[in-house]
Amino acid sequence: MCRFPISYFQSNSESISNGICIILALVSVKLYTSFDFNCPCLPQYNKLYSLGVMIVPPIILFFLGVLVNRHTGVMMDEWMRPTGNRSKNPAVVKYLFSAMLQRALLAPMVWILVTLLDGKIFICAFSVSVDPGLFSGLDVIKIMAKVPCKEDVIFRNSSFRKAVSRYVRCYSQAVGWSILLFLIVLGALGRLIKPCFDDHATFLQTRYWSNYLDVEQKLFDETCVLHARDFARKCVVLFFEDMREDTVLRLPHPPFITNSREKWEDEEEERLHGISKQEQLDQLLCKWYYSKPELDVTRIAHRPRSCVTWEDRDGKTLYSDV
């Protein structure tokens, strides 16, 4: 019973992409909690440093999400390939781009939300922007810049720093919860309203062909690996056979061994699909890239079937498997 879900997650690229994106999101939380943030406590550097910590890691996480997402490669292959015998479907490329973008944005959004709900970076960035008259008669910008530094001598036994920190942290958490609420409401509305405006049949077609492109690429890669293994084995065997000195052994040779050898050679030739030279392989790979086969398998579905008929000497049918 457990093997089916495991095989499903191993073979389903969408599930694998979702799992990778969730792992990146968890990694972003772990990175932030283990990151020792130290505010410069200088008016000219507080905001620059804080916004850098809040923006640069999400950008890195976003491009990392794009890099590890399989939809990225499938989308670019479909977008850049020559038309050839198969027409391009812009809806499929759009669907793949949307799926890639949604997954790549998960980890950056988690990082931004965690920083806002924690509030330390927001306090460092915007403590200078708080009006000190709200808390005391002080109006010195340098004092406001030192609010994030609780160990500073200025704020010993003073409630001023705590008051300003609470004030700015409230703004930070309000922004964070607002963004989270907006994303949840936006996602819920998208799930509810989208079926009213989109043709579900068209969506199913787009989803099917996007999955088809992914599966086709996988099968092509697997077939190339198998064919390359058989081709390499044949080349290695031929190399060592050429190095071997010719010897003549006159021994009785049972016929069944000859038949088994011929059968093995026939099976090997069948696996190589008649391709025995590098030029043939290069031409075949170029043909796949520049003119992929049409999405029409009627020739395979209706290919002729060989039938065997036994007749006597007079031509009369004795038995037929037709």
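**Figure 1. Lining of the largest pocket in the predicted model.** In this predicted model, helix 9 supplies the largest share of the lining of the largest pocket, namely nine residues. The space within the largest pocket amounts to about 1300 Å³. Its lining comprises 33 residues, and those closest to the pocket centre are S98, A99, Q102, R191 and K194. Two or more lining residues come from each of helix 2 (13–34), helix 5 (90–104), helix 6 (106–118), helix 9 (160–197) and helix 10. Sorted by class, the lining of the largest pocket contains 16 nonpolar, nine polar and eight charged residues.

**Figure 2. The second largest pocket and its lining.** A volume of about 730 Å³ is found for the second largest pocket. Its lining is made up of 22 residues, with F220, T223, C224, L284 and W288 nearest the centre. Helix 10 and helix 12 (278–290) are the elements that give two or more residues to the lining of the second largest pocket. Of the elements, helix 10 contributes the most to this lining, with nine residues. In terms of class, 12 of the lining residues are nonpolar, seven are polar and three are charged.

**Figure 3. The largest nonpolar core and the surroundings of V168.** In soluble globular proteins, nonpolar side chains tend to be buried together. The largest nonpolar core of the model holds 18 residues, of which F37, C39, V53, W111, I121 and V168 touch the most other members. Helix 2, helix 3 (46–68), helix 6, helix 7 and helix 9 each give two or more residues to this core. The greatest contribution to the core is that of helix 7, with four residues. When neighbours within four places in sequence are left aside, V168 is in contact with F122, I123, F126, S127 and V130. Another core, of nine residues, lies apart from the largest one, and V74, V93, M100 and A104 are among its members.

**Figure 4. The aromatic pair F122 and F126.** The whole structure contains 12 aromatic pairs. In one of them, the ring centres of F122 and F126 are 4.6 Å apart and the ring planes stand at 45 degrees, so the pair is classed as tilted. Both residues belong to helix 7 (residues 120–126), where their spacing of four residues corresponds to about one helical turn. F122 has a relative accessibility of 15% and therefore counts as buried. F126, by contrast, is partly exposed, because its relative accessible area is 27%.

Figure 5. W209 and Y212 make an edge-to-face aromatic pair, with 5.3 Å from centre to centre and 80 degrees between the planes. The two residues lie three residues apart in helix 10 (residues 200–243), a separation of about one turn of the helix. W209 has a relative accessibility of 32%, so this residue counts as partly exposed. Y212 is likewise partly exposed, with a relative accessible area of 26%. Elsewhere, F35, F37 and Y49 are linked by ring pairs into a cluster.

Key:
Residues are numbered from 1 along each chain as its sequence is written. This is a predicted model: local features need pLDDT of at least 70, side-chain atom pairs count only at pLDDT 80 or more; totals for chains, interfaces and linings use all residues. Side-chain values use heavy atoms; hydrogens and water are left out. Rings of Phe, Tyr and Trp (its six-membered ring) pair if their centres lie within 6.5 Å; planes under 30 degrees apart count as stacked, over 60 as edge-to-face and the rest as tilted. Buried means under 20% relative accessible area, exposed over 50%, partly exposed in between (1.4 Å probe, protein chains only). On a 1 Å grid over the protein atoms alone, a cavity is a set of points where a 1.4 Å probe fits but cannot get out, and a pocket is an open set with protein on both sides within 12 Å along at least five of seven lines; lining residues have an atom within 4 Å of a point. Grid points are joined across faces, edges and corners, and a volume is the space filled by probe spheres set on the points. Ala, Val, Leu, Ile, Met, Phe, Trp, Tyr, Cys and Pro count as nonpolar, Asp, Glu, Lys and Arg as charged, and the others, Gly among them, as polar. A nonpolar core is a set of buried Ala, Val, Leu, Ile, Met, Phe, Trp, Tyr and Cys residues joined through side-chain atoms within 4.5 Å. Contact means heavy atoms within 4.5 Å.
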